[in-house]
Amino acid sequence: MAIIERPSEEVALAPSSVPEVATPSTSYGIFRRPVETTGWKSWLFTIDHKKLGIMYGVVAMFFFIVGGIEALLIRLQLAGPNGTVLSADKYNQMFTMHATTMVFLFVMPMAAAFANYFVPLQIGARDVAFPRINAFGFWAFCFGGIFLNTSWFLGGAADGGWFMYAPNSSVAFSPSNGVDFWGLGLQITGIASLTGAINLIVTVINMRAPGMSLMKMPIFTWMVVVVQFLLLFAMPVITVALFMLMFQRSFDATFFSVEAGADPLLWQHLFWIFGHPEVYIIVLPSFGIVSEILPVFSKKPLFGYPLVVFSGAAIGFVGWGVWAHHMFASGLGPISVAAFSVATMAIAIPTGVKIVNWTMTMWGGKIKFTVPMLYAVGVIVQFTIGGLSGVTHSVAPSDTQQTDTYYIVAHFHYVIFGGAVLGLFAGFYYWWPKMFGKMLSERLGRWNFWLTIIGMNLTFGPMHVVGLQGQPRRMYVWTENRAGEGFFNIGFWNLVASIGSFVLALGVLTFLINVVISHRKGTAKAPLDPWDARSLEWITTSPPKEHNFDRIPTVGHLDEFFHRKYEDRGSGDHHEFHQVATGEEVVANEEAHAESHIHLPSPSYWPILLALSLPIMGYGIIFNLFLLFGGAVLALVSLYGWGLEPHTAGDDEFDPPTGAALEVAAHG
Amino acid sequence: MSHSEDHDRTMSPLTTTTSRLGRMGRRTTLTAIAVTLGSAVLAGCATNAPQDTWKPAGENAQKIQNLQWPVFLTAGVVGVIVMAAIGIIVLRFRDKGQPIPEQTHGKAWLEYMFIAIPAVILAAIAIPTVGLVMALNSTDDTECIINVTGQQWWWEYDYEVSADGTICGFAPSAVEASPIITSGQVVIPANTKVLLRGTSRDVIHSYWIPRLNGKRDMVPGRVHFLRLESDTPGIYAGQCTEFCGLSHANMRMETVVLESGDFQKWLDNELEPYSAPAAGTLAAEGEATFVAQCSRCHQVNGLLDPNKGTLVVSYPDQFVYSGASPNLTNLMGRNTFAGASWDLLTPECRADVWDATPEEFGAKYLAGVTPECLNEIDLREWLRNAPAKKPMYADPTMLDETDGKTRGMPYLGLSEDQIDQLIAYLLERK
């Protein structure tokens, strides 16, 4: 980033000027602060929330492909009876890493990509509250994900399932280093989530544009805030659990050793107290995206906005009281089971509110079925199926028939793929022109959408059947002896699911092709307001300038941008909206009133160095304690370097040196 | 265009179209319900799906079924309504050049209604759910307790002798009752409220016979209970449903239900004293091989060392990490082996037993494995190299973490002659 806006006094006096940018021409060696605005260093050391958002997206997309390949291998193995594509050992690693990758390295960081990029824009801020911590969070996630996946080449990945139940996770039962990599890798990405959560909460609380009360905040930002609170309280729980696992495995602790008097259910409680809120952490950002998109393409405000906000918050709260529904078969005793069963039914109510409000948003609308809108409608349809199958296993006795079968696999893929992932794709298509100034092709987008929808239903739909026919999860082979005959035989539907997974892969491939094609040289620049959007992130150029807004917008409405473009010419109860300005005109007006003193914090070496120390310490714990100390030294040096570094580069670090440094508020 | 016309066009879609679309919606709904019901019926008709969760064969599973099908139906109907609404929206509210709709932020009464309706539905589901949770956890009506212990990757059953000298209420005809230890298949009397009392020797396993009850995890250091009952003789298949490591997929179990007369016969047979193979037969050679190669881990009750004449007692805790190996006293009385993963019966003989009518089943099951029916292929492969057939941690060079103990059966390096002898010997174990 490194743009420090410092217009000369004369320029500042001219009322309609665009701020002038002072760009440093060279950087000054490694002990001086990085100041590049272009080239690879501008990405490596950036603290710009938009660049970090894009990097989150790129890395998460990479891991999506990795996790997808793992999924395809699993489906190849299960396409027929007694599959031989993978050994039992490799299969167990594959499903463990598929889930871990998709949850921790794709959906969460992809949601973080959108949150990072759009929350500051949606609330009219120039960056997040703690830009360097933001950069640190990204690099911790990136290095943590790479660290986790290096286990494939260092003796095998984790093989205990993403839930990593004790005591199967202890050294005697999982002797490779896979589980160590898993625990430490998640610990590192957990640090990323935690810092990100604090950062975004502080940002949203403190840095909203003038006039933006909480109930005028865009719904996506609202859902992100709820998620950050969930992360803030959920991550410490898994952190504790992972530390216990690390001590159990690396330092002979006995937290989960039955022979030492431990109860293995302790791990399950810790894991699911984290793990259930995690479900909402995964899915709520996409709910936010869908809730942004539906009003735009229906030309109506979100139906029952306060109720959607509160049901989001309610899901956030009640989400803490349902963890044991993952443990209905664990032997909790009837009172606990009954209580958690009823609580789980209760959470269906706020979730149902969302479905109803989305439907009512569209009802009576003037709907344009663009690709982002198709994906948003896809979320409603597919997530409803996942939600309803969820109700069937909130009935605890029924769940004892379904849990740990493919029926559950079907359920949560409809929730996570149908809810979260389709929502993320809706976000890609909706915000792509904003982020990159290019439209993704609608035609290819439709191929992408329909292949994805058909693929996902072919893949996950049959899993309902095989699950109810009694096929358990996590089996590296299935046998014809238990497959049955007739229409609902397990063999046929396993094959259908495997074929479906490749259709789904084709859908994802279409997206990647779409990206490449849309960014070929010579493709037209996207219009400024291609969708006739409603919220604040569109009141600026595409892609936004490094300082986001030339003038911080003052907010008077929930759908501020819409109300700047449209005017109600009706009277009394009669409403009649007429367009009074185009998006271009609104943005031009902002540019014409640009603020003259815009200050942004400067890039820094320290966040990436501090993040780099984490995997080094991780390798140290697994392989050599000296390496651990090396990593710790790097961490200490980085922390001191960070602490002693001013948030904004001094003028003498620029070439040519510029005038007196200008003070910046609210950035650190 | 006058104000009032404009007003009509903005406001009316809800009112003027509901009747027409209402009819259409109802039709769609009805069709969809029919499809749902049709699928449910078809699901019930699927043949030979041994772990079908929708085909209860006992009281406990039946109660679950009675609760779950209305829930599935309700969920299906709600789903159809949502889909129908989306369908109407897609057809009806496309942008056809209509004016910008009213910027309404919601209608309070509608929103409250949409909270109230699901709340009522869920309450109606919650009440019987709580009742059934309690019922399925009650243990005061138990008529028979069987201990079940999971370990990588098989189940052991231990029939206790109750204070009155009976097992499950049955007194042995010829001998005094003593505990019966078996594995793979648990045999229970029909129309008896059986309570499995379960735990694990290593990691968490889960006991699940879908047609008899839901699953229950068996956790090391804890004792959990699971009710089992059936009124129909037959074999009911199940599978371990808590991921338990390498061979989780190969950890199966079966519950065999016998009429009381047949159960009595089974019980008497289990308690019959050991009969050594006739001298000079292949089986007699097999006995010696068994003592030399297998008896450290596998118990055969009453087996005497042919050389020393002393009772042979296995000590698997020295060699196996979980500390137990399957008891082979009546191996050929059950018809699967190695964690119920492979059949001891040839496919034809297996089908004969598994597909038998409830009336004929008992006799066919009690016949055990005859030499003609023995599935030698899988048994030989197993004896040749067990870990190659069923993935297990048995590589002697990689057992640092378990003090050299294997998890599962190691490769024994048996010769083909030894395998012939062992099969002849084992064929008499019933």
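**A walk through chains A and B**

Val257(B) is buried, with 30 other C-beta atoms within 10 Å; a residue is buried if 20 or more other C-beta atoms lie within 10 Å of its own, exposed if 12 or fewer, and partly exposed in between, with C-beta atoms placed from the backbone. The model is predicted, so local features need pLDDT of at least 70 and side-chain atom pairs count only at pLDDT 80 or more, while totals for chains, interfaces and linings use all residues. Residues are numbered from 1 along each chain as its sequence is written, and chains are lettered from A and ligands numbered from 1 in the order in which they are written.

Val257(B) sits in strand S10 (residues 252-258) of chain B. Helices (H or I, at least four residues) and strands (E, at least two) are DSSP runs, numbered from the N terminus. Leaving aside neighbours within four places in sequence, Val257(B) is in contact with Ile188(B), Ala190(B), Ser230(B), Thr232(B), Pro233(B), Gly234(B) and Tyr236(B); contact requires C-beta atoms, placed from the backbone, within 7 Å. Gly413(B) is 156 residues from Val257(B) in sequence and 38 Å away in space, C-alpha to C-alpha.

Chain B as a whole has 12 helices and 12 strands. Of its 430 residues, 42% are buried. Among contacts in chain B with a separation of 6 or more, 69% join residues 24 or more positions apart. The domain assignment, which is automatic or taken from a database, gives domain 1 (3-103) and domain 2 (143-430) of chain B. Between them, 12 residues of domain 1 are in contact with 15 residues of domain 2. The domain 1 side of that contact has 5 nonpolar, 4 polar and 3 charged residues. Here Ala, Val, Leu, Ile, Met, Phe, Trp, Tyr, Cys and Pro count as nonpolar, Asp, Glu, Lys and Arg as charged, and the others, Gly among them, as polar.

One residue of chain A that touches chain B is Ile380(A), whose contacts beyond four places in sequence are Ile355(A), Trp358(A), Thr359(A) and Ile86(B). Ile380(A) is in helix H11 (residues 371-394) of chain A and counts as buried, with 24 C-beta neighbours inside 10 Å.

Elsewhere in chain A, the axes of helix H7 (residues 219-250) and helix H8 (residues 265-298) come within 8 Å and cross at roughly 165 degrees. Axes are lines fitted to C-alpha atoms, for helices over the stretch in contact, and angles run from 0 to 180 degrees between N-to-C directions. H7(A) and H8(A) are therefore roughly antiparallel, the term for angles over 145 degrees. The residues of their contact divide into 26 nonpolar, 2 polar and 2 charged.

Some backbone details remain. Most residues other than glycine have a negative phi, and most peptide bonds are trans. The bond from Ala166(A) to Pro167(A) is cis, with omega near -5 degrees, and that from Ser542(A) to Pro543(A) is cis, with omega near -10 degrees. Cys168(B) has a positive phi of about 55 degrees and is buried, with 20 other C-beta atoms within 10 Å.

Definitions and conventions: Two residues are in contact if their C-beta atoms, placed from the backbone, lie within 7 Å. Angles under 35 degrees count as roughly parallel, over 145 as roughly antiparallel, 65 to 115 as roughly perpendicular and the rest as oblique.
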